[in-house]
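Trainee: I'd like to learn how to read a structure like this one. Could you walk me through it, feature by feature?

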Amino acid sequence: MSSKTLIRTTSALALCLTASAAFAQDTTITIATVNNGDMIRMQGYTDQFTEATGIAVEWVTLEENVLRQRVTTDITTNGGQFDIMTIGMYETPIWGANGWLVPLDGLSEDYNVDDILPAMRGGLSHEGTLYAAPFYGESSMVMYRTDLMEAAGLEMPDAPTWEFIREAAAAMTDRENDVNGICLRGKPGWGEGGAFITAMSNSFGARWFDMDWNAQFDTQPWLDTLTFFEGMMSESGPAGYATNGFNENLSLFQQGLCGMWIDATVAASFVTNPEDSEVADSVGFALAPDNGLGVRSNWLWAWALAIPAGTQQADAALQFIEWATSSDYIELVAENEGWANVPPGARTSLYENPNYISVPFAQMTLDSILSADPNNSTVEPSPYVGIQFAAIPEFAGIASEVSQEFSAFYAGQQTVEEALANAQAITSEAMEAAGY
Amino acid sequence: MATQHSRSAARFMMAPAVFLLLVWMLVPLSMTLWFSFRRFLPLRGGDQGFVWFENYTRFISSSAFWPSVQTTLIIVGGILLISVVFGILLALLLDQPMWGQGVVRILVIAPFFVMPTVSALVWKNMFMDPTNGLFAHLWRAFGADPVVWLSDAPLFSIILIVSWQWLPFATLILLTAIQSLDSEQLEAAEMDGAGHLSRFGYIILPHMSRAITIVILIQTIFLLSIFAEIFVTTGGAFGSRTLTYLIYQRVLESQNVGLGSAGGVYAIILANIVALFLMRIVGKNLDA
Amino acid sequence: MARAVSNPRKALNTAIAWGIGLLIFFPILWTILTSFKTEAEAIANPPVFLAFDWTLENYAVVQERSNYMRFLWNSVFIAGGSTILGVIIAVPAAWSMAFVPSKRTKDILLWMLSTKMLPAVGVLYPIYLLCIQLGVLDNRYALVVILMLINLPIIVWMLYTYFKEIPGEILEAARMDGAGLKEEILYVLTPMAVPGIASTLLLNFILAWNEAFWTLNLTAVDAAPLTAFIASYSSPEGLFFAKLSAASTMAIAPILILGWFSQKQLVRGLTFGAVK
């Protein structure tokens with residue numbers, strides 16, 4: 001590029017600077033959302049909403065971690081960048097309690113708020129007021145390869161124990177052919193491996209805090225949980241499971257490299273979709289395992305739409321939420337993409353629909369969701385709400401660091417005792433800083 | 001030529017840049033200092049008044065602090081070492097006569113144009129993924145077990161990714177320096193029977209010393225605050241948490257702005273210690 | 001120092017240099033190739049290099065999902081605007097430092113560089129609150145100013161080193177001829193400094209284009225550049241290598257092309273005063 005052309009380009013750029021194109025639209029709402037498949041599908045149908053209401057929609061689609069960072073900064077500072085935020089079951093009650101979200105009590109009668117699954121509604125409310133409407137909800141369950149299970153001469157019970165899972169995993173493992181008996185999340189991050197191990201620890205009788213908010217990582221159940229997990233994964237798990245999260249495991253399972261996978265119920269529609277999955281026709285489902293202590297290891301989560309209190313467009317935002325989380329939207333997706341692809345886990349009526357309940361994973365998803373109780377998630381009493389998290393503001397920070405310690409143990413960088421001691425120190429330190 | 005007139009004109013011309021940078025430095029800095037003395041928990045009641053040095057003692061006494069400083073220095077040092085050593089070698093190579101020099105030069109500098117997020121994503125997924133990554137395929141082809149890069153060699157992986165981005169920059173500057181070398185001097189040395197090594201050691205390297213210090217200075221400024229590469233790849237796990245990342249965890253994940261701000265002040269102190277050290281060297285060179 | 005060398009020597013140089021060049025370029029090449037594969041081919045083992053069914057499907061999907069042109073335009077606007085504004089402010093400053101140096105010139109220069117050392121994450125909340133107060137969140141002009149400030153020290157420094165290499169005698173000669181300060185800058189200095197200014201523009205355009213913290217955190221819709229665009233493709237559910245590659249290619253292609261066309265300029269100008 002010669003200097004002359006460079007100068008010319010530069011001046012052209014400078015000209016453009018002065019001519020900024022800004023369009024004014026009647027009503028436009030801005031929605032921050034996560035880049036999950038169901039959300040992206042919804043973006044495709046947004047035109048129909050705009051046609052019906054005249055409300056234009058701008059999407060800000062971000063990867064989960066970036067999304068959290070963006071919406072949290074914006075909500076705590078009252079930045080007003082978004083009219084709808086996609087948040088989860090962890091954020092909703094905390095933000096609602098702080099008065100940062102518009103209560104969803106103006107929902108229309110047609111919307112039928114009572115149709116929302118009670119577990120979801122409970123988890124997205126604070127003191128009885130709903131602050132976010134679930135777009136889809138999930139628990140976790142066992143997904144397994146029926147063909148491999150049969151080859152191993154085993155039969156999966158509807159409600160397996162951890163011991164059975166471990167034995168089955170060992171029996172299905174075939175290192176020669178890269179088949180791992182079991183794939184589980186070990187990836188650091190409170191929403192990744194942290195969520196899994198916390199939910200799993202519940203069934204081993206562990207808890208994050210005792211009733212006085214003291215960290216409990218120095219207790220036997222945590223040691224048992226981590227030892228069992230690491231033992232099973234080194235026997236039958238994939239190499240490098242310490243960096244595997246939902247995505248990595250999904251792709252492993254779809255390629256036929258996992259015998260079992262315990263993860264979000266929404267994954268069921270991905271692993272049974274013949275377009276993406278090589279094992280679509282040989283997947284079975286079972287409840288997440290337990291240890292006979294009365295608590296299973298499944299979690300409860302919802303991606304939900306909420307309206308930040310700082311918005312100028314609360315009415316339009318509510319209209320959108322009604323549209324996106326309605327039964328009509330579910331039918332719209334069913335019509336175009338089939339029942340297996342509708343956003344699951346949010347509404348009771350979906351599971352009463354004969355078209356849906358015949359989908360192979362529908363009943364097990366519902367059973368898993370129904371068996372999860374965020375208010376009563378641990379064997380011994382705990383002061384917090386939430387299964388794979390504790391709904392206090394400090395949890396995300398603490399748990400992301402704690403899960404890093406755990407992952408370092410899975411990767412062989414420290415012993416289980418070191419990991420737990422570090423977790424205990426991190427948690428105690430942070431809880432003290434927060435003034436507990 | 002420094003008349004009184006031009007002196008005041010000079011001040012006048014410098015004023016906008018100096019003033020803007022002063023504001024840009026002072027406003028965030030004073031806000032950081034302010035917050036660092038306060039208990040500020042956005043998710044738990046916001047700003048709750050002065051706690052003075054509590055955040056500072058808490059941040060420095062945290063078990064994560066010193067390891068994070070160490071990690072920062074290892075990562076920055078590793079990248080500097082790689083980019084300077086390989087930068088010199090590449091610059092020497094590119095200076096040799098060859099066919100298609102322009103194209104090779106383009107190939108070598110291309111990574112510098114790739115945004116950090118993209119390069120981290122591409123490396124993490126398409127190369128370092130233990131199942132589907134290209135390295136895993138390669139390792140398997142030779143009958144070896146794939147390396148789980150991000151947990152088995154997290155610092156190496158990050159250094160590799162960032163070095164890939166910054167090596168072109170170093171190469172470019174060093175190449176310009178070599179090209180400015182008087183070829184007669186080299187030829188004279190060759191006539192005198194100086195071998196390749198001694199020519200390199202006595203003529204080329206001293207000539208490049210200034211360029212090397214500049215590469216180190218500029219890269220250090222950028223590398224001390226690398227964030228995207230760690231955020232995308234390991235998320236600070238497996239001992240790859242730098243000071244910058246620790247601050248991120250305090251501010252955004254733990255939502256403790258006061259504590260994070262205190263960390264920010266420590267980071268500035270660390271950066272200035274490193275800078276002072278560097279400026280000593282570069283400062284000398286800037287006089288030349 | 002182009003010396004005459006034998007052809008075998010030249011061939012050897014060529015082979016080694018091309019080998020290393022291709023190795024360094026390979027990740028980019030692989031990304032571009034993968035963007036034309038299907039998701040299944042993208043993870044195939046053994047990997048396919050060229051013999052796959054080339055498809056534009058991924059680009060279609062990305063284009064359908066995001067308004068690429070808007071992200072692109074914002075990137076051009078922000079990177080271009082901040083670079084030009086930065087140079088406009090830096091030229092006089094660098095000029096006076098180079099030609100009317102005082103005892104403090106070097107200190108000022110080093111101080112300017114040190115302003116780059118405050119870690120961005122540490123000041124996210126202060127800056128975010130400030131932007132709310134000023135009402136400039138998700139505003140392209142605000143990002144132009146912020147990125148200008150971030151890169152200003154580098155710009156001043158680069159320009160300073162170029163200006164210093166301009167011999168002072170020329171200025172004195174011009175002054176003898178009755179040139180004022182304005183003429184001096186416009187007709188004598190600027191033409192001599194054009195290569196330097198050009199490479200300064202280029203380098204800072206690249207740096208601003210690739211800045212991924214502020215451009216991501218201070219934008220939502222109107223001002224979101226390509227760094228935000230890529231954040232929506234980073235790790236979705238299911239197989240995503242091919243789509244990620246397509247999005248990555250779209251994010252880096254413009255700057256890559258600009259860089260290639262201007263690489264001679266960049267090579268000549270990127271000296272930071274390193275050449276004496």
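Trainee: Let me start with one residue: in which loop of chain B does B:Gln255 lie?

Mentor: B:Gln255 lies in the loop between helix H12 (243-253) and helix H13 (257-287) of chain B. Helices (H or I, at least four residues) and strands (E, at least two) are DSSP runs, numbered from the N terminus. Residues are numbered from 1 along each chain as its sequence is written, while chains are lettered from A and ligands numbered from 1 in the order in which they are written. Keep in mind that this is a predicted model, where local features need pLDDT of at least 70, side-chain atom pairs count only at pLDDT 80 or more, and totals for chains, interfaces and linings use all residues.

Trainee: What is the value of phi at B:Gln255?

Mentor: Phi there is near 55°, which is positive in a residue other than glycine. B:Trp52 is another such case, with phi near 50°. B:Trp52 sits in the loop between strand S2 (46-50) and helix H2 (54-61) of chain B.

Trainee: Why does B:Gln255 count as buried, and why does B:Trp52 count as exposed?

Mentor: You count neighbours. A residue is buried if 20 or more other C-beta atoms lie within 10 Å of its own, exposed if 12 or fewer, and partly exposed in between, with C-beta atoms placed from the backbone. B:Gln255 counts as buried because it has 23 C-beta neighbours inside 10 Å. B:Trp52 has 11 inside 10 Å, so it counts as exposed.

Trainee: Let's move on to chain C. How many helices and strands are there in chain C?

Mentor: Chain C has 13 helices and 0 strands. Its C-alpha atoms fill a box of roughly 70 × 70 × 30 Å along the principal axes. Of the 276 residues in chain C, 54% are buried.

Trainee: Which residues are buried in helix H5 of chain C?

Mentor: In that helix (residues 105-114), they are C:Leu109, C:Met112 and C:Leu113. Seen down the axis of H5(C), the buried residues fall within an arc of 100°, so they line one face of the helix. The arc is that of the directions from the helix axis to the C-beta atoms.

Trainee: What about a nonpolar core? Which residues have the most contacts inside the largest one?

Mentor: The general idea is that in soluble globular proteins, nonpolar side chains tend to be buried together. A nonpolar core is a set of buried Ala, Val, Leu, Ile, Met, Phe, Trp, Tyr and Cys residues joined through C-beta atoms within 7 Å. Here the largest nonpolar core has 315 residues, and those with the most contacts inside it are A:Met143, A:Met260, C:Ala90, C:Ala94, C:Val156 and C:Leu159. Helix H7 (residues 140-164) of chain C gives the most to this core, with 18 residues.

Trainee: With which residues is C:Leu159 in contact, leaving aside its neighbours within four places in sequence?

Mentor: Two residues are in contact if their C-beta atoms, placed from the backbone, lie within 7 Å. On that basis, and with those neighbours left aside, C:Leu159 is in contact with C:Ala90, C:Val91, C:Ala94, C:Gly196, C:Ile197 and C:Thr200.

Trainee: And between chains? How many residues of chain B are in contact with chain C?

Mentor: 91 residues of chain B are in contact with 84 residues of chain C. Helix H1 (residues 4-36) of chain B gives the most to the side of chain B that touches chain C, with 18 residues. That side divides into 68 nonpolar, 19 polar and 4 charged residues. For these classes, Ala, Val, Leu, Ile, Met, Phe, Trp, Tyr, Cys and Pro count as nonpolar, Asp, Glu, Lys and Arg as charged, and the others, Gly among them, as polar.

Trainee: How many residues of chain C are in contact with chain A?

Mentor: There, 30 residues of chain C are in contact with 30 residues of chain A. The side of chain C that touches chain A has 18 nonpolar, 9 polar and 3 charged residues.

Trainee: Finally, what is the mean pLDDT of chain C?

Mentor: pLDDT is the predictor's confidence in each residue, from 0 to 100. The mean for chain C is 86, and 94% of its residues reach 70 or more. Within chain C, confidence is lowest in helix H13 (residues 263-269), at a mean of 72, and highest in helix H1 (residues 7-34), at 93. For the complex, the predictor gives an ipTM of 0.88 and a pTM of 0.90.
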